[in-house]
Amino acid sequence: MSEIVYSTAQLVGHTPLMELVNYEAVHGITAHLLAKLESYNPSGSIKDRAALQMIREAERRGDILPGDTIVEQTSGNTGIAIAALAIPMGYQVEIFLERGASLERREMLEAFGVRLLTYRDALGIRTDAERESGWQEPEREATLAEIEAYCRRQKKPHFFLNQAENRDNPRAHSLTTGPELWEQTGGKVDALVCMAGTGGTVLGLSMYLRKKNPALRVIVAQPAEESRLSAENPHCQIIDGVLPVEGVPDGDIADFVRDSHYDEAVDISAAEAFATARELAGTEGLLIGTSSAAALLAARRVCERGGFDDQNVVVIMPDNGMKYLSTPCFHRTE
Ligand code: PMP
């Protein structure tokens with residue numbers, strides 16, 4: 001049988017699950033830390049799954065046709081995924097890039113030929129001079145309503161995929177990531193540790209895996225207070241692509257996160273995540289992304305409290321370290 005594939009879409013999913021045996025040994029962890037290596041997706045992140053599901057379903061419903069423009073708001077990974085999957089299908093892609101996205105994410109989007117927009121485009125007030133001076137980080141992000149209004153104003157069809165509210169985002173994980181994990185572990189997932197942006201990953205996985213194992217523990221690592229962008233803290237080091245799930249105004253918590261009924265949130269700072277990413281490069285030879293590293297450290301902390309002997313603790317690793325080489329993550333200061 002031929003093993004040739006014919007599109008990036010066919011390369012989405014079926015990512016490896018690797019036990020971090022050296023890391024376990026170094027830290028005396030008696031659980032099995034199982035890393036789901038989502039950087040093995042074709043555009044390099046877990047977001048290929050959500051993007052593919054959202055594009056396919058939008059096509060099936062007749063919301064989009066090749067030739068149309070797909071619009072999304074993203075910290076980068078979803079935009080890169082949409083570009084890699086949709087541009088070859090004949091779509092154009094426009095992205096409202098969230099604040100704080102690493103340089104690599106922006107450059108990847110530009111390399112794919114994506115048009116990068118800001119809230120000033122959404123409001124129709126970005127000048128040609130601003131556009132020509134290259135990408136400048138905007139002082140705020142566009143609201144969902146502003147993006148919808150922007151799409152309606154365009155002469156040619158523009159469709160806002162809206163991963164934050166699109167149920168096909170979590171569904172991608174109930175349909176693919178969850179079943180893969182169940183199969184790869186021979187039907188034994190005791191705990192799940194991940195971070196949350198839209199919350200699509202934690203919702204989709206907890207829905208699927210809790211049906212399989214009602215005793216599943218779901219732990220969400222969240223950026224600690226000092227690693228959250230705010231008016232008082234506008235230049236702090238952040239963990240790219242993720243948001244707090246607790247300790248912020250209710251309206252700032254993603255609906256998908258709330259619906260996931262996770263058991264516990266664990267605070268991790270960007271500096272701690274960076275140190276963990278550097279450590280894993282040496283112990284396992286894996287260059288992981290910063291949200292992967294934060295999830296791993298949260299898993300270690302939970303295991304160190306006890307009660308996970310011989311249990312399978314799955315850690316979601318959404319992308320790899322290549323997108324963070326320009327950030328302080330891999331620059332040793334000590
Ligand atoms: N880690 C990284 C690096 C991401 O880009 C994202 C998505 N923005 C997440 C984690 C969180 O994924 P989700 O949106 O499914 O919660």
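Colleague: What should I know about the model before I start?

Modeller: It is a predicted model, in which local features need pLDDT of at least 70 and side-chain atom pairs count only at pLDDT 80 or more, while totals for chains, interfaces and linings use all residues. Residues are numbered from 1 along each chain as its sequence is written, and side-chain values use heavy atoms, with hydrogens and water left out.

Colleague: Into which domains is the chain divided?

Modeller: Domain bounds come from an automatic or database domain assignment. Here, domain 1 covers 8–45 + 167–330 and domain 2 covers 47–160. Their centres, taken over C-alpha atoms, are 25 Å apart. Contact (heavy atoms within 4.5 Å) involves 34 residues from domain 1 and 24 residues from domain 2.

Colleague: How do I read the area between domain 1 and domain 2?

Modeller: The size of an interface is often given as the accessible area lost when the parts come together. Buried area is counted with a 1.4 Å probe and summed over both parts. For domain 1 and domain 2 the value is about 2,200 Å², with 51% of it on carbon and sulfur atoms. On the domain 1 side, S43, D168 and K323 lose the most area to domain 2, together 28% of what that side buries.

Colleague: And how many salt bridges are there between domain 1 and domain 2?

Modeller: Side chains of opposite charge can pair when their charged atoms come close. The cut-off for a salt bridge is a side-chain nitrogen of Lys or Arg within 4 Å of a carboxyl oxygen of Asp or Glu. Five salt bridges are counted between domain 1 and domain 2. Helix α8 (residues 168–184) gives the most to the side of domain 1 that touches domain 2, with nine residues; helices here are DSSP runs of H or I, at least four residues, and strands are runs of E, at least two, numbered from the N terminus.

Colleague: Which residue forms a salt bridge with R49?

Modeller: That is E180, and the closest N and O atoms of the pair are 2.8 Å apart.

Colleague: Where else can I look for a salt bridge?

Modeller: The structure holds 23 salt bridges. R131 pairs with D128, with closest N and O atoms 3.2 Å apart. These two are about one helical turn apart because they are three residues apart in helix α6 (residues 128–132). For accessibility, buried means under 20% relative accessible area, exposed over 50%, and partly exposed in between (1.4 Å probe, protein chains only). R131 is partly exposed at 33%, whereas D128 is exposed at 54%.

R305 and E264 form another salt bridge (2.8 Å, N to O). This pair links distant parts of the chain, 41 residues apart, with R305 in the loop between α12 and β10 and E264 in strand β9. R305 is exposed, at 55% relative accessible area, but E264 is buried, at 16%. Salt bridges that share partners also join K36, E38, R49 and E180 into one network.

Colleague: What does phi tell me?

Modeller: Most residues other than glycine have a negative phi. H261 has a positive phi, near 45°, and lies in the loop between α10 (255–259) and β9 (264–268). H261 counts as exposed at 60% relative accessibility.

Colleague: Where is D310?

Modeller: D310 sits in the loop between α12 (290–304) and β10 (312–317). Its phi is positive, about 65°, although D310 is not a glycine. D310 is exposed, with a relative accessible area of 51%.

Terms used: Buried area = accessible area lost by both parts, 1.4 Å probe.
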